[in-house]
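Subject: Handover of a structure

Dear colleague,

Please find below the structure that I am handing over to you. My notes on it follow directly after.

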Number of protein chains: 2
Amino acid sequence: MEERIRCKPLRAKITDPTTAAGFIQNGTNLFISGFTAGYPKLIPQELVRRADGGERFKINLFAGASTAASVDGSLAAAGLIQWRRPYMSDRTMRRMINAEQILYKDDHLSALSQQVRAGNWGPVDVTVVEAVAISEKGQLVPTMSVGNTPTYVKAADKIIVEISTDPAELEGIHDIFIPEDPPYRMPIPIYRTADRIGKPFIEMNPDKVVAILLSPETERGAVFRDPDKISRDIAARILDFVEHEIRKNRLPAGLPWQSGVGDVANAVLSGFIGNDFFLNLDIYSEVLQDSVLELIDIGKVRAASGSSLTLSQKARSRFFDELYRYREKVILRPAEISNAPEVIRRLGVIAINTAIEVDIYAQVNSTHVMGSQIMNGIGGSGDFMRNAALSFVVTPSTAKGGVISAIVPMVSHVDHSEHSVGVVVTEHGLVDTRPLTPRQTAEQIINKCAHPDYREQLREYYQRAVRMAGGHEPHLLKEAFYLHQRYLDNGDMRVG
Amino acid sequence: MEERIRCKPLRAKITDPTTAAGFIQNGTNLFISGFTAGYPKLIPQELVRRADGGERFKINLFAGASTAASVDGSLAAAGLIQWRRPYMSDRTMRRMINAEQILYKDDHLSALSQQVRAGNWGPVDVTVVEAVAISEKGQLVPTMSVGNTPTYVKAADKIIVEISTDPAELEGIHDIFIPEDPPYRMPIPIYRTADRIGKPFIEMNPDKVVAILLSPETERGAVFRDPDKISRDIAARILDFVEHEIRKNRLPAGLPWQSGVGDVANAVLSGFIGNDFFLNLDIYSEVLQDSVLELIDIGKVRAASGSSLTLSQKARSRFFDELYRYREKVILRPAEISNAPEVIRRLGVIAINTAIEVDIYAQVNSTHVMGSQIMNGIGGSGDFMRNAALSFVVTPSTAKGGVISAIVPMVSHVDHSEHSVGVVVTEHGLVDTRPLTPRQTAEQIINKCAHPDYREQLREYYQRAVRMAGGHEPHLLKEAFYLHQRYLDNGDMRVG
């Protein structure tokens, strides 16, 4: 392990977790690597150990996006977190955020590194990074994600590095480019998905390194379910529609694809496997999942760009075994580049993102259950949806075995307005809202996307709203949430 | 006038409005110049004349943004419009859109030209453009706006030109650049507000010109009110805040400014006049109004870039009289460039946009009154708010003499989610939401931004929501619109 620290003077900084974590005290702004993958393992454990030992302290925790139960979950449960930004997906942390026991602010991921460099998040007291190596000149080679790490390292007062056992051959997969800050700066020079514009490592001032840990911990793989019928149906509808648009000459061929995080999104990319219209794919996305490896294996990927690789245990082994081959196709970038509006719009990405609920006018809720309770966060969905050449919002038509309709009269929280939505898809149907008025959209979403169990009552609401309120987007403010309210009262949105 | 058609063969196309309008028939997709200013005058009149004469026909009308009562209003009143895109602000048209008598789809303005080029809006049957001149090679010099005109001309089957009496010296003020379309294209090469990247005219295929009209009509100036105390208070708060952030080193100096359309926005820029901290302004905006000329007059403007100049009658005369001087500072660009997310983000624009209402969690309604009735449209507000380095949402705290609170528990329609909002400002106060959780935002917006008449009941709702619903953004779905409902029932949101 020690030979991975090629900058020999830094080897003197190798120490134990207790000593390293000593730099983190009550009130520390702690910035960590991690963007679904690639988070530090030892320092969080040690902080929890201190809390378990009775020490009372709070930190402000900033990562690239979500981490894992072993970080977000454990630190939250130990009562150690005052503030957390910008995205999480942990059950315990979620509960505490919803109780305002942890302060949380959810933001478009593309915008954050710049805010940190501008000092808007306060001083970067300590940055903890997971890396596979430190170069001769003290540059860092990260593990399976980049996220905001380059900026967190650049802005840090003190840096702690956890050297991971992930293969050192990851070196070369990353493309690190920190743009300048406004008002005087040049374009982000990515013109094709495959373009590399930066360096294969993160620049680091070795003088700021206060501790290096040799970490025996390996990351637990993500858990994906095999695509179920609903996901496969949604995927098939999307691919059919895009093929149709290309054949009709309404969409250029060769646009890159983005697909959000999770099972449905993973299923959509898997849908390309048996498809013989789409042959040579560019993927310009945020989180790359198992399906990307499968597509590489069958020779369908020209380039896959993202800010992290989040793989199941099995895919992870395969990836590490044949890294020499995957590395030619995969590029890991900072989140401000993977999610850059400039690049997404320039390339004309086809974006596919999931929703908690969509309303009849195609307003989208990605974050809040029943309007109040945050689920995870907006993540990069806004970066992609707003700037895509074509934007799909996908959701199974119901949740919780049918007692919740994902198509509602009015969403209980809006993250993406109708103006950023192109096509709405459920397993029942697809509506291209782009050439429709809001009223036409409502009729079609009710008739095509809603679950048949809910169509009648949605139609009844819509028709009454047209009659009684009128307007461009007829709504009855007194009843707009009647489905939600029925669920809150009875545990079932259906007429009982 | 005829000498303005420097491409002599085209002079043979000079004709009368009746003949020219003959190319427009039932079902024609009619694309016109116009982006608050610079719309054609004669053809709309002639179409109305035909309708008045008993001819029954419908057209689909596409402009850059809003036009004027003489276009949108008259054509709507004559029952001539089937479809209208993408933005309007006319009273008659609004009424008919809200009754679905005119089909309307409101979109982010930055995204539209590309959709038209992709064929998503159907064939461009006829394009009517107002111009001050046609060059020797048949290129068009537009009048006071650019909007989507370059693309409408490029994609047109047939072109009709109205030669305006606006001064020919407008030649040189425009900067026309049509970006390529995805997936293979290069950056938009604007690195500074003042950069010119295109040509001073719109490329046109002279073979497509079917008619040229010599128009005696001059445009009626816009009507601005002198800034009232509320607007001046809002303006002062914004300038104070930005100065403070720059002094604290949390915001770089020299960021360009954008200010939305209307009186409050105009007042904000006027606020710079007596201010001695901001000396050398870049304005990277959409619609330039009177205040920009005043700032040029006192030597405070380095460059002012927009897609149109919408001036009062008085400012218009001044502008035309000293065009030689203003032309050095003002650049008129296509809307897809003035509003380009890529450029707005690169330059780090400070954006100021108005709202119909803002809720306690800083969700913003820019378009729909009481959730159903559209006012104008989203226009470019989303392009700027989402991509700004710092985004202000401004509104007087009440409307209609106090019976409507612009700060509500939940907005009745969402155009911009909290994630795209930086700072909320009313005449009563300013809240920087960026470092706050939603609950902290709610407390501050209620205490600082809401009108004192409404604070108590907003506080009562919020506290009850915290207690009864909890969550990251506590809401009582049953009551979230109780202020709106009270207004709908009683004509007053106040407890009565």
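Predicted model: local features only at pLDDT ≥ 70, side-chain atom pairs only at ≥ 80, totals over all residues.

Two strands are said to pair if DSSP finds at least two bridges between them. Helices (H or I, at least four residues) and strands (E, at least two) are DSSP runs, numbered from the N terminus. In chain A, strand E16 (residues 357-359) and E17(A) run antiparallel and are joined by two bridges. Within this pair, A:Val358 has A:Val364 of E17(A) as its bridge partner.

Residues are numbered from 1 along each chain as its sequence is written, chains are lettered from A and ligands numbered from 1 in the order in which they are written, and side-chain values use heavy atoms, with hydrogens and water left out.

On confidence, the average pLDDT (the predictor's confidence in each residue, from 0 to 100) of chain A is 96, and 100% of its residues score at least 70. For the complex, the predictor gives an ipTM of 0.96 and a pTM of 0.97.

The next point is the relation between the chains. Contact here means heavy atoms within 4.5 Å.

To return to the sheets, strands in general pair through backbone hydrogen bonds, either parallel or antiparallel. Chain A has an open sheet of three strands in the order E17-E16-E23, with mixed pairing. Strands E17 (364-365) and E23 (407-408) of chain A stand at its edges with a single partner strand each, so one side of each is left without a neighbour in the sheet. Chain B likewise has an open, mixed sheet of three strands in the order E17-E16-E23. There, strand E16 (residues 357-359) of chain B pairs with E23(B) in the parallel sense over two bridges, and B:Ile407 of E23(B) is the bridge partner of B:Val358.

Among the helices, H16 (residues 452-468) and H17 (residues 482-490) of chain A have axes that come within 11 Å and cross at roughly 135°. Axes are lines fitted to C-alpha atoms, for helices over the stretch in contact, and angles run from 0 to 180 degrees between N-to-C directions. The contact is made by A:Gln457, A:Leu458 and A:Tyr461 of H16(A) and by A:Tyr482, A:Leu483 and A:Arg486 of H17(A).

Lastly, some backbone details deserve attention. Most residues other than glycine have a negative phi, and most peptide bonds are trans. A:Pro182 and A:Pro183 are joined by a cis peptide bond with omega about 10°, and A:Pro183 is placed in the loop between strands E7 (156-163) and E8 (209-214) of chain A. In chain B, a cis peptide bond with omega about 5° joins B:Pro182 and B:Pro183. A:Thr36 has a positive phi, near 65°.

Yours sincerely
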